[in-house]
There are 2 protein chains.
Amino acid sequence: MREAVEQHKEQFIEELKQYLRIPSISSLSEYKGEVRRAAEWTAEALEKAGMEHVEVIETNGHPLVYGDWLHAPDKPTVLVYGHYDVQPEDPVDLWDTPPFEPVIKDDKIYARGATDDKGQLFIHIKAAELLMKEHGALPVNVKFIIEGEEEVASPHLGPFIEENQERLSCDSVVISDTSFSAEDQPAICTSLRGALAMEMTVQTANSDLHSGTYGGGVPNAVHSLVSLLDSLHDSQGRVSVEGFYQGVPEPTEELRREVAAVPFDEEETKRGLEIDDLYGEAGFSFKERTGIRPTLEINGITGGFQGEGLKTIVPKEASAKISCRLVGDQNPQAVYESIERHVKQHKPAGAKVSLEKLIQADPVAMDSQNSFIQAAAEAYEDVYKVRPLFPKEGGSIPIVEVFGRVLEAPVVLMGFGLPTENLHAPNEHFHLDNFTKGIETAAQYLQKLS
Amino acid sequence: MREAVEQHKEQFIEELKQYLRIPSISSLSEYKGEVRRAAEWTAEALEKAGMEHVEVIETNGHPLVYGDWLHAPDKPTVLVYGHYDVQPEDPVDLWDTPPFEPVIKDDKIYARGATDDKGQLFIHIKAAELLMKEHGALPVNVKFIIEGEEEVASPHLGPFIEENQERLSCDSVVISDTSFSAEDQPAICTSLRGALAMEMTVQTANSDLHSGTYGGGVPNAVHSLVSLLDSLHDSQGRVSVEGFYQGVPEPTEELRREVAAVPFDEEETKRGLEIDDLYGEAGFSFKERTGIRPTLEINGITGGFQGEGLKTIVPKEASAKISCRLVGDQNPQAVYESIERHVKQHKPAGAKVSLEKLIQADPVAMDSQNSFIQAAAEAYEDVYKVRPLFPKEGGSIPIVEVFGRVLEAPVVLMGFGLPTENLHAPNEHFHLDNFTKGIETAAQYLQKLS
C-alpha cells in the first residue's frame, strides 16, 4: 500500500488543494453557495473513488453527501463520517498566507480546513480509491456520510440519522477529526466533552448616552455585562454557577493515571503560546482541566464604541458569546437552565439580560477495549510502529453521541491531526506525512476488519 | 433684532444644513479631508459675517479658524470659541435619517453636529452678521477662534493659546457648547468636570486557541479583561481604585442645595431612556452623580469572535475604552497612575495588560457672580423671559480650563442645546427655536457689554 500511496501522493495533494480552495464556511450565510460547491466536490470525489449511490442530500441547512460500496457480503460494514465545512477565517490579518489559497511549507499544507476536517476526511476517500484501484473491490462494506454543518453543531445530521437508520446501519463508525497526542504518537480518542453555547446580551437605555451628561448616573450595558461575566468564575478558576457541576464524576485514581500517561510538556506549551502562566480550576492538571473537567469560556465580547480614538458614551448594549464543555452525566439543558438562574440572580440593577442558546451536545465516552478500536490500534501500529494512546479529548464532536446511540455501533475516533495544527485559528495546517500515512492506516483498518 | 432674525431664518437654516452636510469627524483619519472642508467653510462664513483677518491656521492636526472685528476702541473684547468637528456617526443603523443629510422634523434639525457644536457655534457667527448688517459695526470687539479637534480633546489648541496670548487676548470668552437645564429653562454652566480617557488591552496567548483543546487550561483574554474591569467598581457604585477620590471635595450643604435646585424628573428620565432603574454611587442623587462627583465609565469593549453564529475559541486579545470625569482638585495624571497601580495589583495570572492614555483635562469651576456671566444671564432673560440657572455640568470641555487660566478671562458657557438632543448618539438634533432665539441672545449679550 505504501508504494501505491507514494505513487499517487503528488496527485492526491493537488486534489486536496482544490478541496481546500473552496471557502465552505458553514456559520456565515454569505458562504452558502461555497458550502454547496464543497458538497458537490465531495460527491465527485466519492464517485471517482468508485463509490456507488452517491448523492448530495438536501436538508433545511447545508447538504449531506452520501456514497457506499456494499459488495462484501458476510463482511462488516464501516460507516465513515467527516465534514466538508470549515470555521470562519478571521482574524484574517494573522494568517501568514491567505486561508483559502493552500500553500505547502516544510511538508505541511496551510489552509483553513487542512486538518479540520477536509484533509483528514480525504484520507478515507483516497484509501477507498486506492483499494478499489488495486483490488477492484473493498475488503469490507463501506458507507460514507459527510456533512457540511459540523462547525455549527450538526443541526440536521442528527434528525437524518434518526430517520435513516436502515440506510446508515453499520457495525462501526470511523471518524478522523481528532489529533495525535504528540508528533509520532498516534491516539484514538475515547472520550469527548459535551458542549453548550449561548449568547448573552445586556441592554440598558434605548440609546447610547453622553458619558459627561449621564455617566455615573445610569446603568452602563458594558459594566453590567462585565459584572455578570465576572461572576461566572470564582477566584479558584471554578465555575461559580450553582448546579453547574451536577453530573460531573469525581475522577478515579485510574482515570487520573490514564490522563497523566498522555505526554504533556508544560514549559514547552507556555513557550509555544508565549504565556507566563497556565490557568484553570484549582486542584487539577492542565490535561485534566482540558480533558475530563467541564469548562465555561467566553469566546468573544462586544459593546459600545470600538473604533479608532475615543467616543465618550455610556453604551446601551453589550453581548458575549459563551461556550461550555461538559463531561460525565452533565446535561446541557440543565446546565443552560442553571446559567439562566444565575443570570436572574446576579442581574445588575437597570439591565435587561437575555440568553440565546446556540448549540448543545451530550458528552460521550468509548470503551478502548472494543474490538473495532483495537483493530484501529493495530492498523496504526503497523504503519507508525507505535502503539496509539487512548486520550480523553477536550473538544466536542456533537454527532458522535448520536451515531453511537442511534446506530448502536461503536465509534472509532481515528485521528490524524496534531495538537499544534492551529485548528479554528490562523495558519491552520496539516502534516502531509500524516496525510499519506493516514491513507495507509485507513486502508489497513478496513483490511483488518475483513 | 427679533424681526431681523425672523427675516433671515430660512436662509440661515439652509446655510446650517450645508455646514452639517460636511462629515467633519475628527477622530477618524479617513475624514481628514472633510474636516479641512469644514474649516474652510467656517472661514467663509466668518468672511461673510464681516469678520477680518480671517485665516485657516495649520496645526499638526486639524486646522484652527480665526477671524476678528476690532473697531470698537474702549469697548471690551469678546473671544468666541466653538468647534466645527463632530463625533463619529456610529451606530449608523440606529439613525432614523442619515447623519450627514440634515432633515427638519417638528422644528428640530436632525444631523450629526446639529447641537454639538455646529448649530450652537453658528449662532454667534450669525449674530455678528446681523449686527454688522443692521449697524455696519459691532457693539464690542469680537474675536473668533474655532477648532476642529474638540471631540479628540483639543491636542493643538492648548499650545496655540499659550503661544498666541496677545492675538487671543480678551475680556471674556464665550462658548456655546452646553445645554439648557430643560426646555424653556436656560442655563449657564458654572462647572465642568475634568476628563481622563484610556484604552486597556489584555493579551494572553500569541494566537486564538480552540476552546475544546485549550479551554479551561490557559488564560482567556476576555476573562482577564472582564475581571479587571469588574474590579474597578465596588457593589455600591463607587470606583474602587485606591487613590481615585483624592482631591474630590466633600460637597457642602450649599452646593447640594444649588445642585438640587436644578429641576430633574427621575420618573420621566427613566421613561425616556426606557430603563427600570437609575444607577450610581451610593449616597448621592442623580444630579450629584452626574454633576459634581467623579465617574469611571467603560465606553466600549471588544475581544474574540463577534460575528454571526459561533466560534469556539479562547480569545488571545481583548480591549476596552475607559473614560473618567473628574472634579475638584483631582489630578488627571495622578488618577491615571492610580489606575496603572490598580491594574498591576489586579492583573490576572497569564495576562499581559497595557494602558494607553488617550486624553486628559483638568476640572474647572466659574463664579456665577462674575459680571460677564451676569450680563449673559440678563441677555437670556430679555429673550426667553426666564432667569437662567447656573448648573454644574457633568461633561468636559477640556479647553475651558486653558482659556480661563492662560488668557485670564472669565469664561461664559452660554449654552443653547437641550439635554435631550442626543449629542454623541444617533439622531442628534437641535431645536430651531433655540437656534433663532440663540442668535438674538448672543447679539443681546454683545450689546449689553457695550
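This is a predicted model: local features need pLDDT of at least 70, side-chain atom pairs count only at pLDDT 80 or more; totals for chains, interfaces and linings use all residues.
Tutor: Residues are numbered from 1 along each chain as its sequence is written, chains are lettered from A and ligands numbered from 1 in the order in which they are written, and side-chain values use heavy atoms, with hydrogens and water left out.

Student: What makes a residue part of the contact between chain B and chain A?

Tutor: Contact means heavy atoms within 4.5 Å. The contact takes 85 residues from chain B and 85 residues from chain A.

Student: How do you know how much area chain B and chain A bury?

Tutor: Buried area is the accessible area (1.4 Å probe) that two parts lose on being put together, summed over both. Here that comes to about 7300 Å², with 54% of it on carbon and sulfur atoms.

Student: Why is the pair A:Asp90 and B:Lys311 called a salt bridge?

Tutor: The rule asks for a side-chain nitrogen of Lys or Arg within 4 Å of a carboxyl oxygen of Asp or Glu. A:Asp90 and B:Lys311 have N to O at 3.4 Å, so the pair is a salt bridge. The rule finds two across the interface of chain B and chain A. Over all chains the count is 46. The pair crosses between chains, from the loop between strand E3 (77-83) and strand E4 (103-105) of chain A to the loop between E12 and E13 of chain B.

Student: What makes a run of residues a helix or a strand?

Tutor: Both are DSSP runs, numbered from the N terminus: helices are H or I with at least four residues, strands are E with at least two.

Student: How many polar contacts are there between chain B and chain A?

Tutor: The count is 40 residue pairs, both at pLDDT 80 or more. A polar contact is a pair of N or O atoms within 3.5 Å; within protein, one must be able to donate a hydrogen and the other to accept it, and residues adjacent in sequence count only if both atoms are side-chain atoms. On the side of chain B that touches chain A, E12(B) gives the most, with 10 residues.

Student: What makes E12 of chain A and E12(B) a pair?

Tutor: Two strands pair if DSSP finds at least two bridges between them. Five bridges join strand E12 (residues 295-304) of chain A to E12(B), so they pair, and they run antiparallel. A:Gly303 stands opposite B:Ile301.

Student: Which strands pair within chain A over four bridges?

Tutor: Strand E1 (residues 52-57) and E2(A) do, in the antiparallel sense. A:Val56 has A:Val65 as its bridge partner in E2(A). A hairpin joins E1(A) to E2(A) through six residues.

Student: What is the phi of A:Asp74?

Tutor: Phi is near 70°, a positive value in a residue other than glycine. A:Asp74 lies in the loop between strand E2 (64-69) and E3 of chain A.
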